[in-house]
Amino acid sequence: MFQQMRRRLALWYVGVTAVLLLVFALAGYLYVQSTLSERIDDTLDHVAEVVVATLPSEPPQEPADVAEDRVALEWFAPTGERLWSTLDMTVVPRLHPGIWRETVTLSGDEAIRQVTQPVYREGQLLGYLRVSHPWFEVTKPVRQLLLDLTVGGLVALALVAGAGWFLSGLAMEPVRQSYQRLEQFTADASHELRSPLTSLQMNWELLHTQYPQHPQVQAMGGLLQRLGRLVDDLLFLARQDSQGVAAAEPCPVDALVMEVTQEQVALAQAQGVKIHLELPTLDNPDTLTVWGNYSQLGRLLTNVIRNAWQYTPSGGQVWVRLQPQGDSLTVTVQDTGVGIDPAELPRVFDRFYRVDRARGSNGGSGLGLAIAQSIVQAHQGTLHLTSQPGQGTLVTLTLPRFKGLTHRGSADRR
Ligand code: ATP
Ligand code: MG
């Protein structure tokens with residue numbers, strides 16, 4: 001859990017930095033590009049201005065001299081025909097009167113920037129002067145910049161990822177410690193409660209033999225039983241958090257389901273609920289085996305099946321089904337009970353969460369499904385709950401199948 005949180009924190013760190021880097025790189029790139037192109041446009045404007053100022057009042061017959069490097073001149077008649085040029089190119093870009101400033105791509109990545117200016121003398125159009133400059137002075141450095149920014153950005157991102165991992169580790173440490181302290185506290189507290197509770201229960205037995213019919217003694221018995229279960233559940237969860245699956249072995253799930261269902265049938269019947277068990281008939285019962293802890297898996301199934309009949313009114317039914325499915329085993333427990341409101345569904349696995357606290361008269365603490373979930377996770381399985389309020393609930397438990405060799409025939413192990 002902490003590893004996952006740490007990873008997520010580091011990922012956020014890298015993600016945010018990547019976005020910031022991208023914004024800065026884009027801004028820098030656009031700034032450099034616009035500065036370079038402005039510089040070329042300034043040069044072109046300047047040359048055009050100087051040449052036009054030195055022109056005689058007739059159309060110039062010969063190329064004018066330009067002091068600027070790489071700047072070429074062209075002269076067009078008012079009809080658009082080119083009269084002379086210093087542009088060293090075979091293809092002549094067409095003159096577009098009206099567009100006075102454009103970047104013309106010649107071939108591949110060769111391009112030139114051109115500024116065209118109509119020249120008037122005494123109100124008469126003398127012709128057009130076009131000034132050109134190669135565009136590679138913009139594209140080349142800009143391309144280099146893009147490459148540098150990409151490489152630099154990737155290196156920076158790698159460094160940030162390292163730093164993010166380190167920093168999120170630092171940030172997680174106090175959380176991890178306080179979580180561990182909390183876990184330890186729960187484990188210690190439930191452990192400490194265990195022994196006084198046991199002697200209370202023993203004293204109660206004595207009292208009960210003396211006053212078996214006394215209502216207060218009977219009430220006390222119920223409360224003691226409930227307290228005992230709560231402490232057991234808490235202790236179990238605290239241990240599970242720190243240890244995961246206890247001793248694991250191949251477990252025959254069909255035998256387990258049968259055993260748990262048999263235990264629950266009588267209890268359910270007392271409430272007027274009928275439990276049906278449907279097991280597959282298979283040639284090879286080994287396909288119904290999972291790798292895990294037998295008593296933990298029993299606890300898991302007990303919690304789910306007990307819920308099914310506890311939240312089903314008298315006259316209802318419960319179906320427990322077992323099916324192998326590819327590489328996994330599926331146990332479904334379906335009831336015709338009160339169901340769960342969709343808004344409450346995601347929370348039923350929370351510790352101490354009960355859908356309707358006022359209704360809860362069965363003495364449950366709300367730990368049943370939390371325990372079931374933690375056992376399922378420790379066994380790499382999934383536990384899924386769907387429900388229709390007023391119609392019933394379907395719990396689907398999936399566990400990975402054990403594919404090694406087993407020694408069947410010891411189904412009566414508990
Ligand atoms: P505990 O199991 O610790 O005795 P609990 O049954 O109240 O107490 P969970 O088993 O964790 O606690 O179940 C949480 C809540 O989810 C229950 O209070 C109940 O409202 C609801 N719930 C669980 N299973 C069903 C079901 N099959 N049908 C209807 N509601 C259910
Ligand atoms: Mg329960």
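Is the crossing of H3 and H6 left-handed or right-handed? I was working with a predicted model, and in it I found that H3 and H6 cross in the left-handed sense.

**Entry on H3 and H6.** I looked up the extents and the geometry together: H3 covers residues 215-243 and H6 covers residues 368-378, and their axes come within 10 Å and cross at roughly 30°. Angles under 35 degrees count as roughly parallel, and I therefore noted H3 and H6 as roughly parallel to each other. I then listed who makes the contact, which on the side of H3 is Asp233, Phe236, Leu237 and Gln240, and on the side of H6 is Ala370, Ile371, Ser374, Ile375 and Ala378. Sorted by class, the residues of this contact of H3 with H6 come out as six nonpolar, two polar and one charged.

**Entry on H2 and H3.** I next turned to the packing of H3 against H2, where the axes lie 8 Å apart and the angle is about 155°. That angle makes H2 roughly antiparallel to H3. The crossing in which H2 passes H3 is left-handed, and I counted in their contact 15 nonpolar, eight polar and four charged residues.

**Entry on H1 and H2.** For this pair I read an angle of about 160°, with the axes 7 Å apart, and H1 and H2 are therefore roughly antiparallel to each other. Here H1 passes H2 in a right-handed crossing. The residues in the contact of H1 with H2 divide into 31 nonpolar, nine polar and four charged.

**Entry on aromatic pairs.** How many aromatic pairs does a search of the whole structure find? I noted three aromatic pairs from that search. One of them joins phenylalanine 2 and tyrosine 179 in an edge-to-face arrangement, with 5.4 Å from centre to centre and 70° between the planes. Phenylalanine 2 belongs to helix H1 (residues 2-54) and tyrosine 179 to helix H2 (residues 136-210), so this pair ties together parts that are 177 residues apart in sequence.

**Entry on domains.** Lastly I checked the domain assignment of the protein chain, which gives domain 1 as 2-142 and domain 2 as 247-406. How far apart do the C-alpha centres of domain 1 and domain 2 lie? I wrote down 75 Å for the separation of those C-alpha centres.

How values were computed
Residues are numbered from 1 along each chain as its sequence is written. Chains are lettered from A and ligands numbered from 1 in the order in which they are written. This is a predicted model: local features need pLDDT of at least 70, side-chain atom pairs count only at pLDDT 80 or more; totals for chains, interfaces and linings use all residues. Side-chain values use heavy atoms; hydrogens and water are left out. Axes are lines fitted to C-alpha atoms, for helices over the stretch in contact, and angles run from 0 to 180 degrees between N-to-C directions. Helices (H or I, at least four residues) and strands (E, at least two) are DSSP runs, numbered from the N terminus. Angles under 35 degrees count as roughly parallel, over 145 as roughly antiparallel, 65 to 115 as roughly perpendicular and the rest as oblique. A crossing is left-handed if the near helix is turned anticlockwise from the far one by less than a right angle, and right-handed if clockwise. Contact means heavy atoms within 4.5 Å. Ala, Val, Leu, Ile, Met, Phe, Trp, Tyr, Cys and Pro count as nonpolar, Asp, Glu, Lys and Arg as charged, and the others, Gly among them, as polar. Domain bounds come from an automatic or database domain assignment. Rings of Phe, Tyr and Trp (its six-membered ring) pair if their centres lie within 6.5 Å; planes under 30 degrees apart count as stacked, over 60 as edge-to-face and the rest as tilted.
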